[in-house]
Amino acid sequence: MADNMKKIAEGAEAKIYKVNIFETDMILKNREAKNYRIKKLDEELRRKRTRMEARVMSRVNDAGIAAPRVIAVGKYSIYMELLKGVLMKDMKLNKQLMRKVGKSLAKLHDNDVVHGDFTPANIIVNRGRVIVFDFGISEISNGIEEKALDVLLMKRSLRENMYYEFIKGYDTYQKSRTILRRLRSIEERGRYQSRTLS
Amino acid sequence: MAIIGLESSAHTFGVGIVDEGKILANEKSMYNIGKGGMIPAKVAEHHIESARDVIVTALEKAGLEIREIEGVGYTRGPGIGPCLQVAQISAKTIAKKLGIRVAMVNHSVGHIEITNHLMNLKDPIIMYVSGGNSQILKRVNKPFSHYSVLGETFDIGVGNMLDSLARQLKLDPAWGSSIEKTAKGGKYIDLPYTVKGMDFSFTGLLTKATELIGKESDEDICMSVQETAFSMLCEALERAMMLTNSNEINLCGGVAQNTRLQNMLQSVADEHDAKFGCADREFNADNGAMIAYVAEKMLKHEAYTKLENCDVKQKYRVDSAMVYGR
């Protein structure tokens, strides 16, 4: 690790640092050891997840979807491109933007990438360009259920009219109807019925 | 006010007496599951047979006459229908005889609030783990005061998973505490680990662990299942804790009696300079005191139910129950 690193964020799983290597600013995401779990399980989880995240990011990069580029991968850490822009969660939303966000998810799903945490906190907008990041719990899957949960997560954080525009963008995905049908059946299941949001 | 609380949602018939938040009595009679599970009709029969004795013992412990009781609370749900009905009928009988008010209490709210009360927690993130439930909750006051579910199991509760494993390993008694004992000295084997954000799932883990019976030692299986399941809970809880900026953890419910889980969550709390609170065993096992405690708060806020409307609700979700006071 570089010594000129500055911690900029901390998640439950990983710490995010801004580092400068070869005069280039970049992001270092490091999965930290957790004392509560036994070493063998802890190392196995961190190693597997780092590898999966790097694999997903490479696939996303290769497919030409706007996301941070991977620079290097360590055992528990990933060095990636530093993004510029404003977080979607801090922006006033508009129809045009929501259609773009829908299209981003359509492209991810078309490449069988399930994001796992597709919320306005994990989308950055730079001069109208929608960039998706944090593939920390993403996986490669063609599962209808998993994809429907990506849509559900975004739906929960949007007003109805904005969700409508989001779905217009998402409809560019060939299998969007199948996914949205599953979404309805998930919402009808008992456990989700009365689940409230804070 | 002196309140009697009756609890019979599963294998325990419990009676608690509380006065101004002070616990005067907490008595119970437990159905012996032996190596089997719970047969609803048999458990209900046990409750009917023991109800009178447990109520009488509780009154003696509290040093009160039945006519000094000013209100009654009972568990409306969630739980097993025939079992729940025993506390419901007992409560209605007492209320009718004494002409006092009845509060219908949500079982999960009982566990959460008695822990907040005894451990002096103000606004914790809550890990509620029992047989049927495994949820991460936080109090929210909109659109009404309730415990909002941030994360929960996609399939079975962690307690049911441990009980089921105990039965298949033929441990006696066939429930979680025997798993904890057997786990001592075991080695870790890789098992399926499923966390999705703040939700988790236990059936994959149970299926795999069941397949290992006979191939690996009981110690190794129990140890690995505990470590995997509890690590999943801790990971989801830590995420919820950071999301809600909580600086307190409330661990409650039957599985909260497990010392390994307590130690792991204490470690999560230490990591974030947070306070960790878990009540004594008798309040994490099903008990009447927690029902009496919540009933007292409800009755003080006039949240009583007319006798003819007193019912039971097997799937009474915690987030649909209104909570009162601090």
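How many bridges pair strand 6 of chain A with strand 8 of chain A, and in which sense do the two strands run? In this predicted model, strand 6 and strand 8 (residues 123–126) of chain A are joined by two bridges in the antiparallel sense.

## The three-stranded sheet of chain A

The pair belongs to an open, antiparallel sheet of three strands in chain A, whose order is 6-8-9. Strand 6 (86–87) and strand 9 (129–132) of chain A are the edge strands, each of them pairing on one side only. Helix 2 (residues 95–110) of chain A packs on this sheet, where it touches strand 8 and strand 9 of chain A, and its direction makes about 40° with that of strand 9 of chain A.

## The five-stranded sheet of chain A

A further open sheet of chain A is built from five strands in the order 1-2-3-5-4, again with antiparallel pairing. Its edges are taken by strand 1 and strand 4 (70–73) of chain A, each of which has a single partner strand, so one side of each is left without a neighbour in the sheet. Averaged over the sheet and with direction ignored, neighbouring strands are turned by 25° against each other.

Strand 1 (residues 6–10) of chain A is hardly covered, since the count of buried residues among its five residues is zero. This strand runs antiparallel to strand 2 (residues 14–21) of chain A, to which four bridges join it, and a hairpin of three residues connects strand 1 of chain A to strand 2 of chain A. Lys7(A) has Tyr17(A) of strand 2 of chain A as its bridge partner. On the next pairing, strand 2 of chain A and strand 3 (residues 24–31) of chain A are linked in the antiparallel sense over eight bridges, with Ile16(A) opposite Lys29(A) of strand 3 of chain A. Helix 1 of chain A lies across strand 3, strand 4 and strand 5 (77–81) of chain A, and it runs at about 155° to strand 4 of chain A.

## Helix 2 against helix 4 in chain A

Helix 2 of chain A also packs with helix 4 (residues 160–170) of chain A, at an angle of about 45° and with the axes 6 Å apart. That angle makes helix 2 of chain A oblique to helix 4 of chain A, and the crossing of the two is right-handed.

From helix 2 of chain A, the residues that meet helix 4 of chain A include Met98(A), Val101(A), Leu105(A) and Ala106(A), and among those they meet in helix 4 of chain A are Met162(A), Phe166(A), Ile167(A) and Tyr170(A). By class, the contact of helix 2 of chain A with helix 4 of chain A holds eight nonpolar, two polar and six charged residues.

Helix 5 (residues 176–183) of chain B has six of its eight residues buried, so it is largely enclosed by the rest of the structure. The buried residues of helix 5 of chain B are Gly176(B), Ser178(B), Ile179(B), Glu180(B), Thr182(B) and Ala183(B), and what covers them includes helix 4 (158–168), helix 7 (218–243) and helix 8 (259–271) of chain B. Just after helix 5 of chain B comes Gly185(B), with a positive phi of about 85°.

With helix 7 of chain B, the axis of helix 5 of chain B comes within 7 Å and crosses at roughly 115°; the two helices are therefore roughly perpendicular to each other. The crossing is left-handed. The contact joins Ile179(B), Glu180(B), Thr182(B) and Ala183(B) of helix 5 of chain B to Asp218(B), Glu219(B), Cys222(B), Met223(B) and Gln226(B) of helix 7 of chain B. Helix 4 of chain B and helix 5 of chain B pack at about 70° with axes 8 Å apart, also in a left-handed crossing; Gly159(B), Leu162(B), Asp163(B), Leu165(B) and Ala166(B) of helix 4 of chain B here contact Gly176(B), Ser178(B) and Ile179(B) of helix 5 of chain B.

## Where the chains meet

The contact of the two chains draws 17 residues from chain A and 25 residues from chain B. On the side of chain A that touches chain B, helix 1 (residues 39–62) of chain A gives the largest share, four residues. By class, that side of chain A has six nonpolar, five polar and six charged residues.

Key. Residues are numbered from 1 along each chain as its sequence is written. Chains are lettered from A and ligands numbered from 1 in the order in which they are written. This is a predicted model: local features need pLDDT of at least 70, side-chain atom pairs count only at pLDDT 80 or more; totals for chains, interfaces and linings use all residues. Two strands pair if DSSP finds at least two bridges between them. Two residues are in contact if their C-beta atoms, placed from the backbone, lie within 7 Å. Axes are lines fitted to C-alpha atoms, for helices over the stretch in contact, and angles run from 0 to 180 degrees between N-to-C directions. Ala, Val, Leu, Ile, Met, Phe, Trp, Tyr, Cys and Pro count as nonpolar, Asp, Glu, Lys and Arg as charged, and the others, Gly among them, as polar. A residue is buried if 20 or more other C-beta atoms lie within 10 Å of its own, exposed if 12 or fewer, and partly exposed in between; C-beta atoms are placed from the backbone. Angles under 35 degrees count as roughly parallel, over 145 as roughly antiparallel, 65 to 115 as roughly perpendicular and the rest as oblique. A crossing is left-handed if the near helix is turned anticlockwise from the far one by less than a right angle, and right-handed if clockwise.
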